[in-house]
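Visitor: I would like to know how the labels used for a structure like this one are decided. Please take me through a few of them.

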Amino acid sequence: RPLPRAGLLASFLLLAVSIGALSKSESAALSSSQAAPIAQALLYNVYRAFDHHGEETVYDALDRSVARDLLRKIYLDTRRSLEIENLGGARTRVREVNVESAQPASAAPGSPLTLHCVWTVTGSVGHWGHTHIRRNRYDADLEITPIGGAWKLTGLNLRDEQRLPVPVTQP
């Protein structure tokens, strides 16, 4: 299923910001204000890749933001996290990815940059005729490297994952 027009536009804008930050600071350390949009674009693209149907299409979408060496691991880990086996195979549809913080670590010139990131993912889980909203917070180190003129995710070290309570909204 194609992404909604607004989602595509947001994705392209985030990618443009990321490429702009890359061209300005490819060999220099990034500031937090430069790192956050890059992390946002990469994470958004990873989760939205799973809106597509078919393994090959998902892989092609992931390839835009994830280096080849990490592609299989990201595919399997993300697919597993989106499928909820104990609910009859129900799947989560990601609605929002929000990077709360992205703190760059110092890196030697030419080596991958590490961003200590905290982000939340909000999604809906539909099963048995009704929908639940789920929100998780992740704390991880993202390793990013400029490849072919764009930042790509080259490593991921998950430090913590928490399910957050979702406020109940009144109709």
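Visitor: Which residues does Ala 67 touch, not counting residues up to four places away in sequence?
Guide: In this predicted model, Ala 67 touches Ile 147, Lys 152, Leu 153 and Thr 154. Ala 67 itself sits in the loop between helix H3 (55-63) and helix H4 (68-82). Its C-alpha atom is 5.3 Å from that of Thr 154, although the two are 87 residues apart along the chain.

Visitor: Why is Ala 67 called buried?
Guide: Buried means under 20% relative accessible area. Ala 67 has 11%, so Ala 67 is buried.

Visitor: Why does Asp 139 count as partly exposed?
Guide: The partly exposed class lies between buried, under 20%, and exposed, over 50%. Asp 139 has 21% relative accessibility, so Asp 139 counts as partly exposed. Asp 139 belongs to strand S4 (residues 130-147).

Visitor: What makes the side chains of Asp 139 and His 116 a polar contact?
Guide: A polar contact needs a pair of N or O atoms within 3.5 Å, one able to donate a hydrogen and the other to accept it. For these two side chains the distance is 2.5 Å, and the pair is a polar contact. The C-alpha atoms of Asp 139 and His 116 are separated by 7.5 Å.

Visitor: Which element has the lowest mean pLDDT, and which the highest?
Guide: Helix H1 (residues 5-25) has the lowest, 48, and strand S5 (residues 150-164) the highest, 95. Over residues 16-27, pLDDT stays under 50. Where pLDDT is low, the predicted coordinates should not be read in detail.

Terms used
Residues are numbered from 1 along each chain as its sequence is written. This is a predicted model: local features need pLDDT of at least 70, side-chain atom pairs count only at pLDDT 80 or more; totals for chains, interfaces and linings use all residues. Side-chain values use heavy atoms; hydrogens and water are left out. Helices (H or I, at least four residues) and strands (E, at least two) are DSSP runs, numbered from the N terminus. Buried means under 20% relative accessible area, exposed over 50%, partly exposed in between (1.4 Å probe, protein chains only). Contact means heavy atoms within 4.5 Å. pLDDT is the predictor's confidence in each residue, from 0 to 100.
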